Amino acid sequence: MPLVQVDFELDLDPDSAWELFGDFSAPPRLAPGFVTDCMVNGDIRTVTFANGVVARERLVSLDPARRRLAYTVVGGQPEHHHAVFKLLPLECGGTAVQWTADFLPGALAPMFQGMMEEGARVM
C-alpha cells in the first residue's frame with residue numbers, strides 16, 4: 001500500500017500548534033488559500049480545496065496527549081485512505097509536524113504527494 005509522508009516545521013510552540021491541528025474544523029485556518037471551505041457535521045468534515053477537489057473526511061482519533069489526529073476519506077475516489085498528523089516539540093521551541101497518508105489505489109500517489117506537499121508549504 002502506498003504511503004506518503006511529508007515532514008515540516010512550524011514556528012509555533014507545540015501547544016499553540018495543537019490548538020489548530022487538534023480542531024477538526026480548522027483546515028481553512030491551517031492552510032488558507034489551499035483549503036477554501038470546511039463544513040463539519042459530527043465526525044465528518046467536508047473539505048473544499050483550491051484545486052476544486054472536495055473530500056469527505058471522518059475523524060478516526062483525536063489524542064491531545066500525543067498531539068495526534070487521524071482521519072480517513074469516506075466515499076469518493078480512493079478505495080482506502082487513512083492520514084495522520086503528529087506534532088512533536090523541537091528543541092528550539094517550534095513544532096515538527098509529521099503528516100502521513102496511506103491509500104489505494106497506488107495510482108493516486110502523485111496526486112496525494114502533490115496536495116500534501118502544497119498543504120505543508122501553506123501551513
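Start by selecting R67, which sits in the loop between strand 4 and strand 5. Strands here are DSSP runs of E with at least two residues, helices are runs of H or I with at least four residues, and both are numbered from the N terminus. Residue numbers start from 1 along each chain as its sequence is written, and the model you have open is predicted, so local features need pLDDT of at least 70, side-chain atom pairs count only at pLDDT 80 or more, and totals for chains, interfaces and linings use all residues. Side-chain values are based on heavy atoms, with hydrogens and water left out.

**Two backbone stops**

With R67 still selected, check its phi: the angle is positive, about 50 degrees, although R67 is not a glycine. Next, go to P105, in the loop between strand 7 and helix 3. The peptide bond from L104 to P105 is cis, with omega near -5 degrees. For background, most residues other than glycine have a negative phi, and most peptide bonds are trans.

**Helix 1**

Select residues 14-21 for helix 1 and colour P14, A17, W18 and F21, which are buried (under 20% relative accessible area; exposed is over 50% and partly exposed is in between, with a 1.4 Å probe and protein chains only). Looking down the axis of helix 1, you will find its buried residues within an arc of 100 degrees, so they line one face of the helix. That arc is taken from the directions of the C-beta atoms as seen from the helix axis. Now show what covers these residues: strand 1, helix 2, strand 4, strand 5, strand 6 and strand 7 are included.

Leaving aside neighbours within four places in sequence, D63 is in contact (heavy atoms within 4.5 Å) with W18 and R68. For a distance label, pick D63 and M1: they are 62 residues apart in sequence, and their C-alpha atoms are 25 Å apart in space.

**Helix 3**

Move to residues 109-122. At 1.5 Å a residue, the 14 residues of helix 3 should span 20 Å, and its end C-alpha atoms are 20 Å apart, which agrees. The expected span is 1.5 Å times one less than the number of residues.

Which residues of helix 3 are buried? They are F112, M115, M116, G119 and A120. These residues cover an arc of only 135 degrees around the axis, which puts them on the same side of helix 3. Turn to the other side of helix 3 to find P110 and R121 exposed. The buried residues pack against strand 1 (3-10), strand 3 (44-49), strand 6 (80-89) and strand 7 (95-104).

Zoom in on A120, which counts as buried at 10% relative accessibility. Not counting residues up to four places away in sequence, A120 touches V6, F8 and W99.

**T46 in strand 3**

Select T46, which belongs to strand 3 and is partly exposed, with a relative accessible area of 27%. Beyond residues up to four places away in sequence, T46 touches D37, C38, M39, V54, A55 and R56.

**Empty space**

Rolling a probe the size of a water molecule over the atoms shows where empty space is left. On a 1 Å grid over the protein atoms alone, a cavity is a set of points where a 1.4 Å probe fits but cannot get out; a pocket is an open set with protein on both sides within 12 Å along at least five of seven lines; and lining residues have an atom within 4 Å of a point. Points are joined across faces, edges and corners, and a volume is the space filled by probe spheres set on them.

The largest pocket has a volume of about 470 Å³. Its lining has 30 residues, and F49, A55, E57, V73 and M115 lie nearest its centre. Elements giving two or more residues to this lining include helix 2 (27-30), strand 4 (54-63), strand 5 (68-73) and helix 3. By class, the lining divides into 23 nonpolar (Ala, Val, Leu, Ile, Met, Phe, Trp, Tyr, Cys and Pro), three charged (Asp, Glu, Lys and Arg) and four polar (the others, Gly among them).

Finally, select F21, D23, P27, L30, R45, L69 and F85, which line the largest cavity. About 40 Å³ of space lies in this cavity, and its lining has five nonpolar, no polar and two charged residues.
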